[in-house]
Amino acid sequence: MTDDTLPYNFCYGSSIPASGLQNSRIKLAPFDPSRHAEEFFNQSGSQSQIYEYLPFGAFSSTEDFLQKLWYGRIEPNPECMLFAIIDKSWPPKDSSIDEDGVMAGIIGFLDTQPANLSTEIGFVIIHPAFRRAHIASNSVSLLLHFALDLPEDGGLGLRRVGWKAHELNQSSVGVAKRLGFNHEGTMKWAMVLPKDGKQGNGIQARRGDPKPDTVGRNTWLGSVCWDDWIYGGVKEHVDGLTNGT
């Protein structure tokens, strides 16, 4: 698959196999708005509780999702790559969406920096009906292998994969810890979020704050770096988790 055949110009798009990234349980298919957007919205796009810790969403329609997240954030940015998570353990519901299984959510890369050989895993939204351990573990495993394995082994050979989460989002933090991400610290007041539908850090902003109708987010920071992957046992740990699911 080349950049020309992708629906957007991810900086490492030419390295992604045409069949996506996959193992026996999960396939990560490059997100195609014409195939995946409506199904994603129908599953999760309007469920506000899914987005309470995220800086985007919920969405009022498929078009709202496309305009705000796809065209507004992902499609124009070569640092971003979005995948549809396909659960291969279920028979296909609609072959026009995917012929290998059913769509279980989305996941991707952001803040990808080829000059610094780094990226971050994000946009992680798994539909509540598919929130079983093997979905998250296998999806993150596929992205870690793709990012950190050497080119001769089918990867990009990056040095660092980051993970950021709202510090109160125990589900996201838990996935990162389970997959071997090292906690690097917490960024206090890292984001400004609207009060409506979003969780803040629980701290009232000071009197006179320029954005009084918002809340602040503290962000949990984690990473897996190439030496953690190779010499720190993370690769073996991740492979053990996914081989056992």
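Reader: Of the 40 residues in the largest nonpolar core, which ones touch the most other members?
Author: This is a predicted model, where local features need pLDDT of at least 70 and side-chain atom pairs count only at pLDDT 80 or more, while totals for chains, interfaces and linings use all residues. Residues are numbered from 1 along each chain as its sequence is written, and side-chain values use heavy atoms, leaving out hydrogens and water. A nonpolar core is a set of buried Ala, Val, Leu, Ile, Met, Phe, Trp, Tyr and Cys residues joined through side-chain atoms within 4.5 Å, with buried meaning under 20% relative accessible area, exposed over 50% and partly exposed in between (1.4 Å probe, protein chains only). By that rule, the members touching the most others are I121, L144 and F181.

Reader: Which helix gives this core its largest share?
Author: Helices (H or I, at least four residues) and strands (E, at least two) are DSSP runs, numbered from the N terminus. With 9 residues in the core, the largest share belongs to residues 133–148, which form helix α3.

Reader: Leaving aside neighbours within four places in sequence, which residues is I121 in contact with?
Author: Contact here means heavy atoms within 4.5 Å. Once the sequence neighbours within four places are set aside, the partners of I121 are I107, G108, F109, L110, V140, L143, L144, V161, G162, W163 and F181.

Reader: How many residues are in the other core, which lies apart from this one?
Author: In soluble globular proteins, nonpolar side chains tend to be buried together. In this model a separate core includes A29, F59, C80 and F123, and its total is 25 residues.

Reader: What is the angle between the planes of F56 and F59?
Author: Rings of Phe, Tyr and Trp (its six-membered ring) pair if their centres lie within 6.5 Å; planes under 30 degrees apart count as stacked, over 60 as edge-to-face and the rest as tilted. The whole structure holds 15 aromatic pairs, and ring pairs link F56 and F59 into a cluster that also includes F31, Y51 and W70. F56 is buried at 14% relative accessibility, as is F59 at 4%. Their rings are stacked, with centres 6.5 Å apart and planes at 20 degrees.

Reader: Is the peptide bond from G57 to A58 cis or trans?
Author: A58 lies in the loop between α1 (33–45) and α2 (62–74). Omega for the bond from G57 to A58 is near -5 degrees, and the bond is cis.

Reader: How many residues of strand β8 are buried?
Author: Two strands pair if DSSP finds at least two bridges between them. β8 pairs antiparallel with β6 (residues 160–166) over 7 bridges, where H166 stands opposite T219. It also pairs antiparallel with β7 (residues 182–194) over 9 bridges, where H183 has G222 as its bridge partner. Strand β8 (residues 214–225) is largely enclosed by the rest of the structure, because the buried count among its 12 residues is 11.

Reader: What is the phi of D111, which is not a glycine?
Author: Most residues other than glycine have a negative phi, and most peptide bonds are trans. D111 sits in strand β4 (residues 102–113) and is partly exposed at 30% relative accessibility. Its phi is positive, at about 50 degrees.

Reader: Which residues of helix α6 are buried?
Author: Helix α6 covers residues 234–243, and its buried members are V234, V238, D239 and T242. Seen down the axis, they fall within an arc of 130 degrees (taken from the directions from the helix axis to the C-beta atoms), so one face of α6 is lined by these buried residues. The names to look for are V234, V238, D239 and T242.
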